[in-house]
Amino acid sequence: MKKKVAISACLMGQHCRYDGRHNLQQQIIDRYGAENLLPLCPEVLGGLPTPRIPAEMQGNKICTQSGTDVTAAFMAGADEALKQAEAAGVQAAILKAKSPSCGCGLIYDGSFSGRLVPGDGIFTQKLKAKGIKVSTELDYI
Ligand code: SF4
């Protein structure tokens, strides 16, 4: 059966966050059913290790807190995640708020201070460009 909704893998309990933790949102799994959700982590799909140094969007680049430009890995991972989402026929995605990959509407501002600015993560941008509706876990609280 085809999956209908893509979801950030960390929201399904996978330990793929930069710090090796997860952001399990059981209420979303209960609402849609695990069998209908396609977990994707674009940063892992881009070959980044877990745990990893946190990164934020800085203009057109994504850089780690230690100043390494990781834009290429983020882009490659977002492309692969999009490919898998399209192959599964997903019509919508529920992604982790504020992330430089998965954030939707608001993302961290690149200063690693917790401040937010309007914007979408790289994966979210690619999904929206294909007409796939994106929401975040904050829409389900
Ligand atoms: Fe979660 Fe997305 Fe970050 Fe992966 S890239 S840990 S799915 S927010």
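Trainee: Where does L106 lie?
Mentor: L106 lies in strand β6. Helices (H or I, at least four residues) and strands (E, at least two) are DSSP runs, numbered from the N terminus. Residues are numbered from 1 along each chain as its sequence is written. And keep in mind that this is a predicted model: local features need pLDDT of at least 70, side-chain atom pairs count only at pLDDT 80 or more, and totals for chains, interfaces and linings use all residues.

Trainee: How many other C-beta atoms does L106 have within 10 Å?
Mentor: First the general idea: a residue is buried if 20 or more other C-beta atoms lie within 10 Å of its own, exposed if 12 or fewer, and partly exposed in between, with C-beta atoms placed from the backbone. L106 has 15, so it is partly exposed.

Trainee: Which residues is L106 in contact with, leaving aside its neighbours within four places in sequence?
Mentor: Contact means that the C-beta atoms, placed from the backbone, lie within 7 Å. On that basis L106 is in contact with K98, L116 and P118. Take P118: L106 and P118 are twelve residues apart in sequence, yet 4.5 Å apart in space, C-alpha to C-alpha.

Trainee: What is the phi of K98?
Mentor: Here's the background: most residues other than glycine have a negative phi, and most peptide bonds are trans. K98 has a positive phi of about 80°, although it is not a glycine. You'll find K98 in the loop between β5 (92-95) and β6 (106-108). K98 counts as partly exposed because it has 19 C-beta neighbours inside 10 Å.

Trainee: And where does F112 lie?
Mentor: In the loop between β6 and β7 (116-118). F112 has a positive phi too, near 55°, and is a residue other than glycine. With 14 C-beta neighbours inside 10 Å, F112 counts as partly exposed.

Trainee: Which residues does the cis peptide bond join?
Mentor: The cis bond joins T50 and P51, with omega about 0°. P51 lies in the loop between α2 (42-45) and β3 (55-58).

Trainee: What order do the strands of the open sheet have?
Mentor: Two strands pair if DSSP finds at least two bridges between them. Here the open sheet has four strands in the order β2-β1-β5-β8, with parallel pairing. Its edge strands are β2 (37-40) and β8, each pairing on one side only. Strand β1 (residues 5-8) is joined to β5 by three bridges, while β5 and β8 pair over four. Look for I94 on β5: I7 stands opposite I94, and I94 stands opposite S135 in β8.

Trainee: Which residues of strand β8 are on the covered face, and which on the uncovered one?
Mentor: In β8 (residues 133-136), V134 and T136 make up the covered face, and K133 and S135 the uncovered one.

Trainee: Which residues are buried in helix α4?
Mentor: In general, an α-helix has 3.6 residues a turn, so residues three or four places apart point the same way. In α4 (residues 122-129), the buried ones are I122, F123, T124, K126 and L127. They pack against α2, α3 (71-87), β5 and β8. After α4 comes G131, whose phi is positive, near 80°.

Conventions: Two residues are in contact if their C-beta atoms, placed from the backbone, lie within 7 Å.
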